[in-house]
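Good morning, colleagues. Please keep the sequence and the structure in view while I speak, as I shall go from one region to the next.

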Amino acid sequence: MFADSLFALGLSRIKRFAHGYADMEVAIVVKMDLLMKAFQGNDDIVRKEILINKKPISLFYMNSLTEQKTLEELVIRPLHLHNGEKWKRLQNVYISGESIDSVSDAVQAVLEGFTLISDGEELIKLKTYSVSQRSIESSAIESSIMGPQDSFNESLQTNLSLLKRKVKNISLKTIIGNIGEETQTQYAVLYMDNKVSRDNLDFLLRALDKVNIQGITSASVLQQMIEEMPWSPFPQLLNTVRVDTSMSSLLEGKIVLLLDGAPQALIGPITFMELVNSADDEYNRSLTATLIRHLSLFGFFMTIFITSSYVSFLTFHPEMLPPQLFSLIATSRAKVPFPPMLEVLILEIIIEILREAAARMSIKVGQTIGVVGGIVIGTAAVEAGLFSNIIIILVAVSTLLSFLPTNVLLRNGFQVIKYVFILLAGMLGLFGQMIAFAYLLSHLVKLKSLGSPLLSTGFNKGRGYSNKGVLRVPNRSFIKNSSRTNR
């Protein structure tokens, strides 16, 4: 008899068998009424009763975590086919396993997507977790022209498979854990055992152990909790959705952190240039990629200096401007009622409002608001005499330069730094700008990524140049000890 033979296994586990049947584990006695009481008020819980050899068998699972097709194929159909050859094979192949000795463990199994089967005395735990997920798509944030187009999605298992299909090496290790007292969100730490720095790895694992939170909603939230200086405008970990970026980072000895439900990966330790670099640098020609990296770095400094220098020169140092340029600026500002610092701040805030409004609208409406709003407001403001046409140009150029670095968190940090430079330039002139710049450099020097300096060079000890610094060296492949000769 099926019911008698199956549940007589006691504290044992049924091994995965052929033809796609589920993983099964036999659990110790946990009464079904206790489970029903634990899930009282949860309408998502389903309890089914089926008859096997005139004996009632109870199924207990969470409807939103289990598809009916999966339940039918992995549970109900094998139960009804107990007289067939497949079911005899299932009964005869089993090994000893761990048991569930408390109601809390059984509840946790249901929350993780398992289906529990009971004959009134014992429970069998079947892994039937099956939910729909977003397909693998190209990234709209970190787009690439020549590189791979696949990017992470919200499934941790899918993201792990994307990386492990690219890195087929036994040195690739994975540490899996849970975070969040209420959500029990799963995370995975990946690293190359033969290349990783143990100090960086220990730093990350200690930081994850110290995280005390009810639940994690995204990788960016977790990033702020494990960084040494969360108040800094600069990120200390690389937040990326690109699989190829994560793969190349693993091969360089870095650590990749994946979070279930988050389509991004956190990478560390990193350098400042890795935040500035573009995803297409690896696929471009070396000279072109080096030029783009220099333009991005140049754009970072010009973004914080253009408008603040305008305020500084007009407020404290007009004699430093060429006479023709000063005359042109004075003519354009003849009707402007605001001092230079207030003029720049108002215009910067208006540009920021337009950008945030366009980002939160639909794509078609957002593009229209960004273009039409900028043109209409800019033209009307100049004609009304509220702003000079020169500051309109400078603010527009400064905004465009801020988009050269591809990292979103770094671009957002630019805005905070820009306002600090403008305020100090309006109060102290060039001296205020130099104070802000000195503090900025000292702050960057103090920043660390998983215990390693953020302003480190592109050279890794024992492994040479990482090719992610200021210079992009050509990728060369040398064949050693080849038996082939040129003919």
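Strand β12 is covered on both of its faces: Ala265 and Ile267 are buried on one side, and Leu266 and Gly268 are buried on the other. In a regular strand, side chains alternate between the two faces of the sheet.

Where does β12 sit in its sheet? The sheet is open and has five strands, in the order β8-β9-β11-β12-β10, with antiparallel pairing. Its edge strands are β8, residues 172-179, and β10, each of which pairs on one side only. From one strand to the next, the twist averages 25 degrees.

Let us take the two neighbours of β12 in turn. On one side is β11, residues 255-259, which pairs with β12, residues 265-268, in the antiparallel sense over four bridges. Within this pairing, Ile255 stands opposite Gly268, and Leu258 has Ala265 as its bridge partner. The two strands form a hairpin with five residues between them, and in the turn Gly261 has a positive phi of about 90 degrees.

Leaving aside residues up to four places away in sequence, Arg242 touches Glu142, Ser143, Ser144, Gly147, Pro148, Phe152, Ala279 and Tyr283.

I turn now to the aromatic residues. The structure holds 10 aromatic pairs. In one of them, the ring centres of Phe305 and Phe421 are 5.3 Å apart and the planes stand at 75 degrees, so this pair is edge-to-face. The pair links distant parts of the chain, with Phe305 in helix α11 (residues 286-315) and Phe421 in helix α16 (residues 408-428), 116 residues apart. Phe305 counts as buried because its relative accessibility is 18%, where the limit is under 20%. Phe421, at 1%, also counts as buried. Both belong to a cluster linked by ring pairs, which consists of Phe234, Phe272, Phe300, Phe301, Phe305, Phe414, Phe421 and Phe437.

Finally, the confidence of the prediction. The chain has a mean pLDDT of 76, and 78% of its residues reach 70 or more. Two stretches deserve mention. Over residues 83-99 pLDDT stays under 50, and the model has 37 contacts for them beyond four places in sequence. Over residues 481-487 pLDDT likewise stays under 50, but there the model has zero contacts beyond four places in sequence.

Technical notes
Residues numbered from 1 in each chain as written. Predicted model: local features only at pLDDT ≥ 70, side-chain atom pairs only at ≥ 80, totals over all residues. Heavy atoms only, no water. Contact = heavy atoms within 4.5 Å. Phe/Tyr/Trp six-rings, centres within 6.5 Å; stacked < 30°, edge-to-face > 60°. Buried < 20%, exposed > 50% of the residue type's maximum accessible area, 1.4 Å probe, protein only. Pairing = 2+ DSSP bridges. Axes fitted to C-alpha atoms, helices over the stretch in contact; angles between N-to-C directions. pLDDT = per-residue confidence, 0-100.
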